[in-house]
Amino acid sequence: MAMGYPPSGQDPYGQQPNQDPYGQPQYGQQPQYGQPQQPSYQDPYAQPQQPAYQDPYAQQPPVSGSPYPTSGGAYPGPTSGGAYPAAGYGTPGYGAPAQPQNTLGLVGMILGIAAIPLLCCFSIGLPLGIAAVVVSYLSLNKVKQGLATNRSQAMAGLICGAVAVVLWVVFLILSLVLNIGLGSYSYP
């Protein structure tokens with residue numbers, strides 16, 4: 001017998017003849033014992049199956065679907081009240097500090113700043129100036145009560161509104177005395 005070729009009927013790579021390379025038994029053959037059986041169809045979206053032999057020291061998959069331990073933890077869970085903190089935080093009877101009411105000061109400042117140029121262009125500057133003075137005065141009262149924190153905006157609105165009112169009065173006097181800016185037409 002020559003050493004180069006295996007005898008006929010034997011696989012040159014040492015595998016047994018008539019064996020499926022994918023581990024499936026041929027039709028009519030009994031499965032070999034000791035080898036894990038693969039199901040005929042595997043769903044690609046199904047949960048992975050556990051192997052026949054499981055290492056006792058391997059990490060176990062989570063039971064709850066969470067990758068974190070479920071045996072408790074360092075932080076206690078909520079006892080009652082859901083997402084709200086337990087009693088004992090802060091002084092009882094007092095809520096969170098109120099948000100400052102800065103809207104009046106901002107509106108007064110905007111009205112006061114807009115009143116000056118609109119006084120020269122249109123007659124709408126006088127009502128805007130008066131509104132700026134009133135709204136800014138109310139805002140300053142809220143600042144004194146501690147409900148608002150924008151004293152500088154309220155002062156800007158009060159000053160600009162007052163300047164617009166004073167300028168309107170000056171223009172009115174000049175137009176009456178010197179007949180300036182009224183757009184009057186004199187007949188010959």
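1. Ser-136 sits in helix α2 (helices are DSSP runs of H or I, at least four residues, numbered from the N terminus). The model is predicted: local features need pLDDT of at least 70 and side-chain atom pairs count only at pLDDT 80 or more, while totals for chains, interfaces and linings use all residues. Residues are numbered from 1 along each chain as its sequence is written, and side-chain values use heavy atoms, with hydrogens and water left out.

2. Ser-136 counts as buried because its relative accessibility is 0% (buried means under 20% relative accessible area, with a 1.4 Å probe and protein chains only). Leaving aside residues up to four places away in sequence, Ser-136 touches Gly-108, Met-109, Ala-154, Gly-157 and Leu-158 (contact means heavy atoms within 4.5 Å). A polar atom of the Ser-136 side chain lies 3.5 Å from the backbone oxygen of Ala-154.

3. The axes of α2 (residues 125-145) and α3 (residues 151-178) come within 7 Å and cross at roughly 150° (axes are lines fitted to C-alpha atoms over the stretch in contact, with angles from 0 to 180 degrees between N-to-C directions). The two helices are therefore roughly antiparallel, a term for angles over 145 degrees.

4. Residues making the contact include Gly-129, Val-133 and Ser-136 of α2 and Ala-154, Gly-157 and Trp-168 of α3. By class, the contact has 14 nonpolar, 6 polar and 1 charged residues; Gly is counted as polar.

5. Ser-175 belongs to helix α3 and, at 7% relative accessibility, counts as buried. The Ser-175 side chain reaches the backbone oxygen of Leu-172 at 2.8 Å.

Note on methods: Parallel < 35°, antiparallel > 145°, perpendicular 65-115°, else oblique. Buried < 20%, exposed > 50% of the residue type's maximum accessible area, 1.4 Å probe, protein only. Polar contact = N/O pair within 3.5 Å; in protein donor to acceptor, adjacent residues only side chain to side chain.
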